[in-house]
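Q: I have a protein model open and want to learn how to read it. Can we go through its features one at a time?

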Amino acid sequence: MLFSKPFKTVCALSMAAFISQAPAVAFAEVNRMLPTSTLIEELNREEATAQVQDFLSRDDVQSALIQRGLSPAEASDRLASLSVAELNDLSKQVQEAKAGGDILVTILIVVLIIFLIKRI
């Protein structure tokens, strides 16, 4: 089939315009992508936070915190400000000591005290 010269010109200019924008479109997403390690850290943080929050919501833990002068709301606020590594350490200690009863409360309070000392 034969095409007219104006049609060919319009097609050529349109294709040139689209092709010239291809790199911009292809590399636009690079700045929005998250590294896999960041995503894994966020998932680990959410899981560890949920586990420690579950522990903090227990009645015996809350009463022990209150006896030692730390409100449950304060403990939750401090939990939110922990780094990923600190949160993972605390979560591991909670997992290891769950069957230990009172030792679990002691470990939590020791970790919170260490956290307070590091932040001051």
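Q: Is R78 buried or exposed?
A: This is a predicted model. The cut-off for buried is under 20% relative accessible area. R78 has 17%, so the residue counts as buried.

Q: Which residue does the side chain of R78 meet in a salt bridge?
A: Start with the general idea. Side chains of opposite charge can pair when their charged atoms come close. Here the partner is E74, at 3.2 Å from N to O. The count of salt bridges comes to one.

Q: Where do R78 and E74 sit relative to one another?
A: Both belong to helix α4. They are four residues apart, which means a separation of about one helical turn.

Q: Which residues have the most contacts inside the largest nonpolar core?
A: They are L56, L65, L79, L90 and L108, in a core of 18 residues. Helices α2 (36-56), α3 (59-67), α4, α5 (84-97) and α6 each give two or more residues to this core. The largest share comes from α6, with five residues.

Q: What does L56 touch?
A: Leave out residues up to four places away in sequence. L56 then touches V61, Q62, L65, A75, L79 and L108.

Q: Where is confidence lowest, and where is it highest?
A: Where pLDDT is low, the predicted coordinates should not be read in detail. In this chain, helix α6 (residues 102-119) is lowest, at a mean of 71. Helix α4 (residues 72-80) is highest, at 81. The chain mean is 75, and 78% of residues reach 70 or more.

Methods. Residues numbered from 1 in each chain as written. Predicted model: local features only at pLDDT ≥ 70, side-chain atom pairs only at ≥ 80, totals over all residues. Heavy atoms only, no water. pLDDT = per-residue confidence, 0-100. Core = buried A, V, L, I, M, F, W, Y, C linked by side-chain atoms within 4.5 Å. Buried < 20%, exposed > 50% of the residue type's maximum accessible area, 1.4 Å probe, protein only. Contact = heavy atoms within 4.5 Å. Salt bridge = Lys/Arg side-chain N within 4 Å of Asp/Glu carboxyl O.
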